[in-house]
Amino acid sequence: MRTLSVTCGAARALAIGLVEKVVPPDELDAAVDAWVDAIVAAGPQAVRLQKALMREWERLPLDEAIRAGITTYRTSVAGGEPARMLAEFTARRRK
């Protein structure tokens with residue numbers, strides 16, 4: 001999530017998809033902290049794979065980008081991280 005303080009162009013940036021969220025200046029630090037916490041809570045392998053995939057997508061034609069996404073998905077599932085994180089989430093919900 002990209003976050004931008006409320007300024008003259010913030011509403012426009014949100015409208016065109018340049019940012020995902022606009023917050024008042026006094027809420028900016030909390031919004032950034034929440035986003036960082038969400039990234040940190042994600043599986044480290046998933047974050048690494050997604051960052052690498054996004055860099056690939058910037059240079060690939062659509063059909064190759066789709067194949068790269070499928071390959072990355074297979075890699076992430078084969079690593080076991082999604083199943084482990086889902087089990088941890090389910091265990092927390094049962095408590």
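Me: Does E81 count as buried or exposed at 9% relative accessibility?

Reply: At 9% relative accessibility, E81 counts as buried. Buried means under 20% relative accessible area, exposed means over 50%, and partly exposed lies in between, with a 1.4 Å probe and protein chains only. This is a predicted model, where local features need pLDDT of at least 70, side-chain atom pairs count only at pLDDT 80 or more, and totals for chains, interfaces and linings use all residues. Residues are numbered from 1 along each chain as its sequence is written, and side-chain values use heavy atoms, with hydrogens and water left out.

Me: Where is E81 found, and which residues does E81 touch?

Reply: E81 is found in helix 5. Helices (H or I, at least four residues) and strands (E, at least two) are DSSP runs, numbered from the N terminus. Contact means heavy atoms within 4.5 Å. Setting aside residues up to four places away in sequence, E81 touches G43, P44, Q45, A46 and S76.

Me: Which residues of helix 4 are buried?

Reply: They are A65, A68, G69, T72 and S76. Look down the helix axis: these buried residues fall within an arc of 105°, so they line one face of helix 4. The arc is that of the directions from the helix axis to the C-beta atoms. On the other side, R74 and A78 are exposed.

Me: What covers the buried residues of helix 4?

Reply: The cover includes helix 3 (44–59) and helix 5 (81–94). Take T72, a residue of helix 4. T72 is buried, with a relative accessible area of 14%. Leaving out neighbours within four places in sequence, T72 is in contact with L49 and L53. T72 and L49 are 23 residues apart in sequence, yet 6.7 Å apart in space, C-alpha to C-alpha.

Me: What follows helix 4?

Reply: G80 does, and its phi is positive, near 85°.

Me: How much space lies in the largest pocket?

Reply: About 190 Å³. The search runs on a 1 Å grid over the protein atoms alone: a cavity is a set of points where a 1.4 Å probe fits but cannot get out, while a pocket is an open set with protein on both sides within 12 Å along at least five of seven lines. Lining residues have an atom within 4 Å of a point. Grid points are joined across faces, edges and corners, and the volume is the space filled by probe spheres set on the points.

Me: Which residues lie nearest the centre of the largest pocket?

Reply: W35, I39, V47, Q50 and K51 do, out of 10 lining residues. Helix 2 (28–41) and helix 3 are the elements that give two or more residues to this lining. Helix 3 gives the most, with five.

Me: What classes of residue make up the lining of the largest pocket?

Reply: Eight are nonpolar, one is polar and one is charged. Ala, Val, Leu, Ile, Met, Phe, Trp, Tyr, Cys and Pro count as nonpolar, Asp, Glu, Lys and Arg as charged, and the others, Gly among them, as polar.
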